[in-house]
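This briefing is meant for a reader who is meeting the structure for the first time.

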Amino acid sequence: MHWIFLFLAFLIGISNAVQSGVNVQLRESLNNPILAALTSFFVGFVILLVAFACFNQNPIPSLSDIKQISWTRFMGGVLGAFYVLTVIFIVRNIGPANMICLVVAGQMIAAITIDHFGFQGFAVHQITLPRIAGAVLLVAGVYLILKN
């Protein structure tokens, strides 16, 4: 694996934790959790438009091509909205460390399941004893952090 990909994954983790606090502060400033989520997504949309205009080198599919895409392939936006809106509602109550621990535990359990069955077109990676041990240790770590 190239070290830059590992570093970028690490930065994603940092940005994820910081994003939670920033979005809660936006909620408090706007006094509206849904408007805060909409504002956050709008700013992200503008950034993506700029990135698209500056860096896109791929052809744009036609409207008829887009209509042929299964609706399930657009669920990433729904899941992203669920994540951001839920974080805005819960992070003040449970704290960012607890929230991130639970998010990571959920991600790991889902990822191991997706890997095992090859869902969503991923290569199959069987559940093995070391993978189960890693997941158990992760959940144990979540428990210790949540215990306070």
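Helix α6 is followed by Asn148, a residue whose phi is positive, near 55°. The model in which this is seen is a predicted one, and its chain averages a pLDDT of 92, with 99% of the residues scoring at least 70.

**Helix α6 and confidence**
- Helix α6 covers residues 129-147, and at 1.5 Å a residue its 19 residues should span 27 Å, which agrees with the 27 Å that separates its end C-alpha atoms.
- Confidence in the chain is lowest in α6, where the mean is 87, whereas it is highest in helix α2 (residues 33-55), at 97.
- Where pLDDT is low, predicted coordinates should not be read in detail.

**Positive phi in the loops**
- Asn31 has a phi near 55°, a positive value in a residue other than glycine, and its place is in the loop between α1 and α2.
- With a relative accessibility of 68%, Asn31 counts as exposed, because the cut-off for that class is over 50%.
- Gln120, found in the loop between α5 and α6, also has a positive phi, near 60°, and is a residue other than glycine.
- Gln120 counts as exposed at 66% relative accessibility.

**Salt bridges**
- The count of salt bridges comes to 2.
- In one of them, the side chains of Glu28 and Arg92 meet at 2.8 Å, N to O; this pair links distant parts of the chain, with Glu28 in helix α1 and Arg92 in helix α4 (residues 75-94), 64 residues apart.
- Glu28 is partly exposed, with a relative accessible area of 46%, while Arg92 is exposed, at 53%.
- Arg131 forms a salt bridge with Asp115, and the closest N and O atoms of the two are 2.8 Å apart; here the link runs between Arg131 in helix α6 and Asp115 in helix α5 (residues 96-117), 16 residues apart.
- Arg131 counts as partly exposed at 27% relative accessibility, whereas Asp115, with a relative accessible area of 18%, is buried, because buried means under 20%.

**Aromatic rings**
- A search of the whole structure finds 1 aromatic pair, formed by Phe117 and Phe119, whose rings are stacked at 5.3 Å centre to centre with 20° between the planes.
- The arrangement counts as stacked because the planes are under 30 degrees apart.
- Phe117 is exposed, with a relative accessible area of 51%, and Phe119 counts as partly exposed at 41% relative accessibility.

- A nonpolar patch on the surface is formed by Trp3, Phe5, Phe7, Leu8, Phe10, Leu11, Ile14, Val18 and Val22, which together have about 930 Å² of accessible area.
- Trp3, one of the residues of this patch, lies in helix α1 (residues 3-30) and is exposed, with a relative accessible area of 58%.
- Asn23 also lies in helix α1, but this residue counts as buried, at 5% relative accessibility.
- The C-alpha atoms of Asn23 and Lys147 are separated by 25 Å, and the two residues are 124 apart along the chain.

Methods: Residues numbered from 1 in each chain as written. Predicted model: local features only at pLDDT ≥ 70, side-chain atom pairs only at ≥ 80, totals over all residues. Heavy atoms only, no water. Helix = DSSP H or I, 4+ residues; strand = E, 2+ residues; numbered from the N terminus. Expected span 1.5 Å × (residues − 1). Patch = residues over 30% accessible without salt bridge, like charges linked within 9 Å, V, L, I, M, F, W, Y side chains within 5 Å. Areas by Shrake-Rupley, 256 points an atom, 1.4 Å probe, with all protein chains shown as cover. Salt bridge = Lys/Arg side-chain N within 4 Å of Asp/Glu carboxyl O. Buried < 20%, exposed > 50% of the residue type's maximum accessible area, 1.4 Å probe, protein only. pLDDT = per-residue confidence, 0-100. Phe/Tyr/Trp six-rings, centres within 6.5 Å; stacked < 30°, edge-to-face > 60°.
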